[in-house]
Amino acid sequence: MPARLISLFAPLAVGVLFLLLWQGICYIWHIPPYLMPAPSDIAHSLFSNINPLCHALYSTLTVTLAALLVSVVFGVLVAFVLVQHPLIERSLMPYVVLMQVTPVVALAPLIIILVKTTLLALIVCATLIAIFPIISNTLQGLKSVDPGLAAFFKMHKASRLKTLLRLQIPSALPMFMAGLQISSGLALVGAVVAEFVAGTGGNSAGLAYEILQAGFQMDIPRMFAALFMITLTGLALYMATSSIRKLVLYNRIQH
Amino acid sequence: MQETVISIQSAEKTFPNGVQGLAPITLDIFPKERISLIGPSGCGKSTLLKLIANLHQPSEGSLSWWNKDFSEVGKENHRLSFVFQEPTLMPWSTVRKNVRLPLDLEGIAPAVSEPRVQEALKVVGLEHAAERFPAQLSGGMKMRVSIARALVTRPNLLLMDEPFGALDELTRNRLDEDMANLCGKDDLTLLFVTHSLYEAAFLSTRVMVMAAHPGRIFAEYEIDPAIPRDEAFRLSDTFAMICQDLSKLLIEASHSSLVAKVA
Ligand SMILES: Nc1ncnc2c1ncn2[C@@H]1O[C@H](COP(=O)(O)OP(=O)(O)OP(=O)(O)O)[C@@H](O)[C@H]1O
Ligand SMILES: [Mg+2]
């Protein structure tokens, strides 16, 4: 069997085996669903609640993607500013790090009070969590220019703009892509954390709210169903960014 | 006064950390010369090349390019190209775009530069690989792309830092013959660093043997430019003689470097 198929089917087989074992244990020991729902209970809950869950998914996904977009735009912008001069980097970088090391969960209540629109508040929280890898990776990437190529550009008296466009940005691309991949995961984490803290119901209720609600109602299968959707979203984001990365960097890899 | 391509007037290089890379050097390079620099590792060969490419500034002394200062370099008949020890290609661009880079940086329109790119690729025998990416090339091919990129500006002075160091003997010999051919045709002055005294003997009209501690020119060795550089030359007694002489000089130079280090 080709290696590609094995790397696809082997983890799948482990997953199926795990689910079967889980189902079997729940069945044999008659474990009640409110303690530990069997996979079949979760699937059942997932299908019977598919409408509210999809609605929640839509909300969470909106916050996640918006936060990712803002992170990319601002993160890249900040990295460009920082790389202009060592002095700028040295004076501003500590604050970027400060922002990173402050747990955003602790800031979230403040942000939710300060920012009046709930959706905006959620996006701000998620952005604060997701932006750091973009800044640091883009910055490292912009600085990781091949010294030989840098000398070549200098020798040919290339302008700053040409050096940025034709050397620094393409050089930074691989690191940026790695940052994007990490950030996409963090944006989802940020969205879910922000939803937990905000605890918003109503129209903009996300998957985190679904989990909270299901918890209050002791509807454990529904809790798992929401969790399952979050995991699936994370996986989809990971695969999407990983495909984008491979596509963008396709030519640089030896095939 | 005879026109010089490069004139170095007691230029020296001391690095910010206090290491003296080069003791004061005075050297004139004349049009159509092919000069090789050989010497033990760390004797300042790369430093000298970088001074000439204006990638380093001398800490004392001065250099002139075609009897003018560096601002003149790049203009018609005063073009300078540098081939680094590594191919240093842009991995995100095709071979064609890599070769075109110096022309793009000058702001030359693709319509004008494309035929010249084609011509440069032909010289190094890589027309068929123009649309490939560096990751799809062998080491020797990458090096040839790097040489094509240096040739595309039609340089009058070509600086090469151990350009063929990573290549096998046969490919290296072939490229050496190509270089000899190229230099014969055009108004091209060549200055290159090599670790192989066979390469120095084959290609040069003048060999500079350098010594270290501090970096300096230890000896000069002239080779008749009239001798055709081909396979017959490589097998001749003259060639063997030259190699022997160079070998002796190199041993003396490294001896002198060691003595200087101990003293
Ligand atoms: N940027 C630098 N800062 C400090 N010292 C340097 C720097 N570049 C080179 N040197 C020192 O200057 C000396 C000459 O270096 P150079 O690279 O010119 O040697 P080289 O003859 O090219 O050696 P090799 O054959 O190994 O390439 C060495 O002792 C080296 O350690
Ligand atoms: Mg060197």
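This is a predicted model: local features need pLDDT of at least 70, side-chain atom pairs count only at pLDDT 80 or more; totals for chains, interfaces and linings use all residues.
The structure holds 17 of them over all chains.

One salt bridge lies in chain A. The side chains of Glu89(A) and Lys143(A) meet there, at 3.0 Å from N to O. Glu89(A) is buried, because its relative accessibility of 18% falls under 20%. Lys143(A) is partly exposed, at 41%.

In chain B, Glu220(B) and Arg206(B) form a salt bridge through their side chains, at 2.9 Å from N to O. This pair also links distant parts of its chain. Glu220(B) sits in strand S9 (residues 216-222) of chain B, and Arg206(B) sits in strand S8 (residues 206-211) of chain B. The two residues are 14 residues apart. Arg206(B) is buried, with a relative accessible area of 6%. Glu220(B) is partly exposed, at 45%.

A further salt bridge joins Asp104(B) to Arg100(B), where the closest N and O atoms are 3.2 Å apart. Both residues lie in helix H2 (residues 95-106) of chain B. They are 4 residues apart, so about one helical turn separates them. Asp104(B) is buried, with a relative accessible area of 10%. Arg100(B) is buried as well, at 14%.

Asp104(B) and Arg100(B) also belong to a network of salt bridges.

Conventions:
Residues are numbered from 1 along each chain as its sequence is written. Chains are lettered from A and ligands numbered from 1 in the order in which they are written. Side-chain values use heavy atoms; hydrogens and water are left out. A salt bridge is a side-chain nitrogen of Lys or Arg within 4 Å of a carboxyl oxygen of Asp or Glu. Buried means under 20% relative accessible area, exposed over 50%, partly exposed in between (1.4 Å probe, protein chains only).
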